[in-house]
Amino acid sequence: MNAEPSSLARLRSRYEEDSTQLRQTFERTGDGSAAIRRRALVVGNLLRQLWEGLAADSPGGEIALVATGGFGRRELFPCSDVDVLFLCANEKLEQECSGTIRACIQAMWDVGLRASPATRTLKECERVHPDNLEFTVSLLDRRYLTGDRALYAKFEKDLLPSVILREWDTVVQNLAEMARARHAKYGNTIFHVEPNVKECPGGLRDYHLTQWLTLLNAIHAQKAWPPAAADEFYGTHDEPESAYDFLSAVRCFLHYRSGRDDNTLDWHAQDEAAARSIGLETRGTSDPAYWMRTWYRQARTVYRRATLLMDAVPPPRRSFYRQFRRKRTPVPGTDFFLEDGRLDLAEGAMVNDADSILQIFGLMAKHGYRLSFTAEDRIADALPVLAVQMPEGPFLWNCLREVLLGPWAADALRAMHALGILELLIPEFHGIESLVIRDTWHRYTVDEHTFHVIDNVHRLRQPQHEWEKRLAGLLPEIERLDLFFLALLMHDTGKSRRNGNHAVSSVELSESLFARLELDPEERETVRRVIRNHLEMSAAMRRDIFDTETVHGFAEKVATQPQLKMLTLMTYADIRAVSPEALTPWKAESLWQLYMSASNFLDRSVDEVRYHAADDPALLSRIVALMPAIAPSSGNGASATGDELRSFLEGLPQRYLSTRSPEQIAAHFRLAQALPQEPVQLASRIIRQLNEITLVTADRPGLFADMAGVLSAWGMNIVKADAFSNAGGLIVDTFQFTDTYRTLELNHSEIDRFLASIRDVLLHKVSVEELLRSRHQKPARPKVAVDTRLDFDNQASSHSTLLQIVTQDTPGLLRAIALSFAACRCNIEVALIDTEGEAAIDVFYLTAAGRKLSEALQASLSESLMHRLQQVRR
């Protein structure tokens with residue numbers, strides 16, 4: 001039987017009036033949650049009238065109308081389908097009432113509803129079909145509308161709980177698998193340029209997933225249908241509910257805007273939503289980037305809850321290995337324990353120890369562990385207490401270093417960021433939280449982009465492509481990976497200021513972090529240079545990378561090989577983090593070509609590019625500012641300090657200036673000023689478990705050999721050294737060494753005697769040979785034999801002959817090399833000394849009488865070196 005046309009017209013007219021009022025109310029208040037609840041009420045009343053009118057003139061029997069899905073949750077969006085179940089007592093009744101059911105469905109369409117009906121008997125509802133799990137899931141949100149109430153009561157109280165308990169594993173596992181497939185479809189990220197507010201990770205579907213899994217877990221635990229399972233999960237936290245209100249308002253806005261079930265938040269929709277402050281508590285116009293920032297924050301809250309619950313879903317079959325993994329393992333020194341790859345807090349434990357919390361994040365970064373949602377909630381609750389106890393100085397830097405160096409650093413940082421811990425440690429990071437860069441190529445927000453950059457570098461440990469393998473070879477050559485990752489973490493923080501040059505702003509924001517971590521000046525300058533120059537390589541790649549001027553201009557900005565390697569890896573990771581498609585094979589090849597060209601240029605120009613005061617007066621000003629005030633000299637008003645500094649710097653290789661901070665250069669200058677009182681100036685310090693001595697004195701033949709000899713005589717193992725000279729014949733040599741026998745560490749009084757011994761040798765008051773004989777010890781047998789290799793290159797530099805020596809690292813090695821140079825009357829223009837394991841890799845730029853070494857002199861020097869190196873290894 002069909003409904004009367006006149007009654008349908010009246011119902012349609014009333015529904016249209018109600019819908020208009022709902023839209024007007026939403027546009028006035030912006031309350032999406034209220035709008036969908038009111039629409040569910042309006043549609044529910046309409047369906048009751050339709051069914052009761054139809055059932056009065058036909059056999060209604062034992063049939064119940066049940067609202068399911070979003071309709072059952074009282075969440076009926078403006079253009080959403082109306083999910084309704086016609087529940088029949090048996091198949092016979094279903095056949096007898098099929099006409100009435102069809103008439104009701106037709107009437108729903110006639111009055112303007114998008115009907116999504118289903119007809120089932122009680123017996124059919126007892127079965128769960130994995131290939132049609134959506135129907136079973138929709139029953140979790142069922143609600144009685146009209147019809148046989150006794151039939152519905154039997155369905156709700158007896159049948160449905162027994163089905164869910166019996167098929168719990170199937171329902172939960174398939175529900176989680178469906179969600180994972182949906183997340184994979186959207187790249188497992190919430191950070192889409194034009195997200196789908198319903199289906200994307202962090203959207204409404206994920207919010208409902210958290211409700212379903214929470215309900216199912218409660219049913220499994222209590223063996224009954226709980227009255228309010230969701231409240232048990234959310235507790236006192238209102239973040240998911242706040243996120244739901246925002247997402248609901250956005251989806252309502254999209255439906256009303258397009259007049260259909262359109263859930264895509266495209267560019268134009270974002271502009272309109274921001275202009276109307278959709279979902280925000282304040283009315284008026286807001287910035288689109290700010291509005292999208294709110295979207296990502298809310299989506300992140302929902303997504304983290306959903307993934308935590310999905311990860312807790314048990315596997316289909318529990319193997320012995322899985323049972324073993326579920327064993328609880330306490331984390332020493334904390335109230336945490338590890339179970340099944342998740343870190344949780346012991347019952348009754350107080351979250352008031354910031355040190356142990358930071359230790360936990362270090363473990364997450366190192367091993368890939370994750371926090372349980374209970375642990376996350378308790379950490380979030382304890383933020384006010386933790387904020388008071390957050391450490392600073394070296395301890396904080398050690399904790400942060402543990403996180404940054406771990407293979408799963410990005411995941412650990414995301415967890416810290418989501419819980420607010422990262423902002424407690426680094427308030428400067430807060431400015432880029434969910435910050436949107438509104439262009440067509442950036443896929444992610446600035447904070448998520450930063451985490452991708454860090455993850456891309458760590459992933460080079462397991463390269464997949466050929467170009468990744470080449471770049472991966474640079475990773476072990478970076479001496480301070482911790483400082484490199486710190487630069488990656490901070491490199492885009494300046495984007496929060498929106499002043500155009502975010503690299504400069506990022507450096508400025510990092511200064512306060514440097515102070516809290518108590519980094520030394522050299523460490524600060526390393527991080528500054530990486531951040532300041534992190535766009536230079538990308539800019540150079542937009543030019544002709546085979547043009548000499550392009551390569552030279554870029555290389556001069558980078559200045560050193562360590563900086564070049566860090567910038568190459570950073571540029572690779574930065575481009576790849578823009579979007580999955582950003583780093584093409586062609587672009588990766590261009591990056592490598594630019595690296596190789598710049599590296600070759602730096603090798604050739606170490607001794608060529610020298611400082612001239614007229615070319616960089618700004619450097620003079622910065623260093624003079626660090627010096628004690630001295631009265632200006634008469635005449636042009638320039639200070640005596642400025643004149644002396646200009647003379648000191650004149651002719652020093654550019655490498656010296658690019659590898660020293662202004663503070664270090666000022667300290668070396670002070671040593672040079674003191675030369676009239678003491679002709680050999682020494683400065684010593686301890687840096688990163690290494691002892692360092694800087695020597696400033698007038699150059700002379702054999703000086704480098706004497707310095708290396710006295711260090712060897714004291715049992716010091718030289719691991720790094722460099723030597724530079726200026727136009728006036730003044731040398732600045734730096735030696736870094738390990739104290740093999742801990743002489744200086746255990747006997748502080750020996751430090752003065754050690755420095756006095758160096759001065760005596762360099763001033764020829766004591767013979768270095770005599771000192772060596774008195775302290776000679778037979779070298780230990782090497783674990784790995786390294787063959788000696790001498791490589792001369794007269795093409796690498798226009799001024800000097802480059803000599804690279806690779807040989808076994810043994811005590812007295814550097815002195816033996818320097819003695820050969822002195823014997824052949826070769827002058828060291830620049831020396832770069834390095835040690836890798838048991839191999840010494842030393843590079844020297846040599847001249848003889850101001851010229852390159854002739855082939856005859858190279859042969860003579862080679863013979864001398866081989867003879868002395870054989871002696872020193874005996």
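Reader: What makes the crossing of helix 25 and helix 26 right-handed?

Author: A crossing is right-handed if the near helix is turned clockwise from the far one by less than a right angle, and left-handed if anticlockwise. The crossing of helix 25 and helix 26 is of the right-handed kind. This is a predicted model, in which local features need pLDDT of at least 70 and side-chain atom pairs count only at pLDDT 80 or more, while totals for chains, interfaces and linings use all residues. Residues are numbered from 1 along each chain as its sequence is written, and side-chain values use heavy atoms, with hydrogens and water left out.

Reader: Which residues of helix 25 and helix 26 meet?

Author: On the helix 25 side they include Ser-506, Ser-510 and Phe-514, and on the helix 26 side Arg-524, Val-527 and Ile-531 are among them. Contact here means heavy atoms within 4.5 Å.

Reader: Why are helix 16 and helix 19 called roughly parallel?

Author: Helix 16 (residues 354-367) and helix 19 (residues 393-405) pack at about 25°, with their axes 7 Å apart. They are therefore roughly parallel to each other. Helix 16 contributes Asp-355, Leu-358, Phe-361, Gly-362 and Ala-365 to the contact, while Phe-395, Leu-396, Cys-399, Glu-402 and Val-403 come from helix 19.

Reader: Which residues touch the most other members of the largest nonpolar core?

Author: Phe-361 again, together with Phe-336, Leu-371, Ile-421 and Leu-486, in a core of 97 residues. Helix 29 (residues 561-578) gives the largest share of this core, 10 residues. Another core, of 50 residues, lies apart from it, with Leu-755, Val-761, Ile-833 and Ala-840 among its members. The term covers buried Ala, Val, Leu, Ile, Met, Phe, Trp, Tyr and Cys residues joined through side-chain atoms within 4.5 Å.

Reader: Why is Asp-733 called buried?

Author: Asp-733 has a relative accessible area of 4%, and buried means under 20% (exposed is over 50%, partly exposed in between, with a 1.4 Å probe and protein chains only). So Asp-733 qualifies as buried. Asp-733 lies in strand 12 (residues 730-739). Leaving aside neighbours within four places in sequence, Asp-733 is in contact with Ile-693, Phe-704 and Asp-722, among others.

Reader: What makes strand 11 largely enclosed by the rest of the structure?

Author: Eight of its 10 residues are buried, so strand 11 is largely enclosed. Nine bridges join strand 11 to strand 12, and the two run antiparallel; strands count as paired if DSSP finds at least two bridges between them. Asp-722 stands opposite Thr-734 in strand 12 and opposite Leu-832 in strand 15. Strand 11 (residues 716-725) also pairs with strand 15 (residues 827-836), in the antiparallel sense, over four bridges.

Reader: How many strands form that open sheet, and in what order?

Author: There are eight, in the order 9-10-12-11-15-16-14-13, with antiparallel pairing. Strand 9 (680-687) and strand 13 (789-793) each have a single partner strand, so they stand at the edges, with one side left without a neighbour in the sheet. The twist averages 15° from one strand to the next.

Note on methods
Axes fitted to C-alpha atoms, helices over the stretch in contact; angles between N-to-C directions. Parallel < 35°, antiparallel > 145°, perpendicular 65-115°, else oblique.
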